[in-house]
Amino acid sequence: MDDRTFRNAMGKFATGVTVVTTEFQGEVKGMTANAFMSVSLDPKLVVVSIGHKARMHDIVKQTGKFAVNLLTRDQEDLSRLFAGQLKEERDVAFEWVDGHPILPDAMANVLCRVHSTYVAGDHTLYFGEVTHIVMKDEPGDPLLFFEGKYRSIGQ
Ligand code: FAD
Ligand code: NAD
């Protein structure tokens with residue numbers, strides 16, 4: 001099967017959009033990811049799948065922790081930025097919670113320490129044990145990704 005057929009089919013599965021963030025050697029690093037899932041309630045686990053070509057892969061391996069920032073519909077530009085799709089560089093203001101850099105104004109921020117990893121083909125699944133959650137009372141609507149395009153609820 002060719003890659004395009006696979007990606008087109010996977011693109012039929014509508015998802016939210018996250019930015020995975022971590023701090024490494026005094027610098028904040030972020031990467032856009034939609035391969036995110038809630039896994040277990042006891043213990044509280046989530047998983048994010050990170051490609052081996054992504055710099056984030058080597059970085060999370062070393063930091064042993066990450067935050068998953070669930071984006072709102074107003075944060076499409078942040079998704080493009082952390083996917084390397086913007087030409088210009090941008091200064092992003094992060095908030096710090098429990099030693100994690102997080103994106104303010106996200107739907108929620110899920111702070112994790114790496115619980116376990118599983119190599120799956122050209123990606124590694126990073127299971128995170130959730131250590132803290134930040135959630136707004138009225139976060140607004142989520143940013144969605146469907147058929148390779150950004151959407152929002154009702155569109
Ligand atoms: P880099 O190329 O190192 O960084 C990406 C961009 O973020 C760069 O432009 C960099 O300048 C910017 N950046 C990083 N840190 C900061 C900072 N502190 N301040 C300002 N800018 C910063 N890939 C996956 O592996 N798994 C997925 O689930 C996944 N889902 C995706 C979903 C969508 C909707 C999209 C658009 C892409 C997705 N990708 C996913 C692809 C992934 O986001 C890109 O391939 C990414 O660029 C690779 O990450 P990297 O660590 O090599 O990033
Ligand atoms: P697309 O048509 O490439 O993506 C549609 C769907 O295909 C995605 O939601 C994802 O489920 C799957 N997919 C795409 N690339 C994949 C990969 N390398 N490994 C595993 N699954 C993948 O959408 P697009 O707008 O062309 O994507 C923009 C860029 O972001 C592309 O370079 C794409 O490879 C990358 N991306 C990577 C992942 C991932 O690694 N899991 C997920 C989404 C997008």
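This report describes selected features of a predicted model, from its nonpolar cores to one of its hairpins.

## Basis of the description

The model is predicted, with local features needing pLDDT of at least 70 and side-chain atom pairs counting only at pLDDT 80 or more, while totals for chains, interfaces and linings use all residues. Residues are numbered from 1 along each chain as its sequence is written, chains are lettered from A and ligands numbered from 1 in the order in which they are written, and side-chain values use heavy atoms, with hydrogens and water left out.

## Nonpolar cores

In soluble globular proteins, nonpolar side chains tend to be buried together. A nonpolar core is here a set of buried Ala, Val, Leu, Ile, Met, Phe, Trp, Tyr and Cys residues joined through side-chain atoms within 4.5 Å; buried means under 20% relative accessible area with a 1.4 Å probe, protein chains only. The largest such core holds 14 residues, and V20, V48, I50, M56, V60, F66 and Y126 have the most contacts inside it. Two or more residues come from each of β3 (27–33), β5, α2 (55–63), β6 (65–70) and β9. Helices (H or I, at least four residues) and strands (E, at least two) are DSSP runs, numbered from the N terminus.

A second, separate core has nine residues, including V17, V19, L81 and F82.

## Residue A108

A108 lies in strand β9, which covers residues 108–120. Because its relative accessibility is 7%, A108 counts as buried. Leaving aside residues up to four places away in sequence, A108 touches V68, N69, L70, V134 and M135, where contact means heavy atoms within 4.5 Å. Q25 is 83 residues from A108 in sequence, and their C-alpha atoms are 25 Å apart in space.

L143 stands opposite S152 in β12. Two residues lie between the strands of this hairpin, in which E147 takes a positive phi near 50 degrees.

Side chains alternate along β12 (residues 149–152).

Key:
Buried < 20%, exposed > 50% of the residue type's maximum accessible area, 1.4 Å probe, protein only. Pairing = 2+ DSSP bridges.
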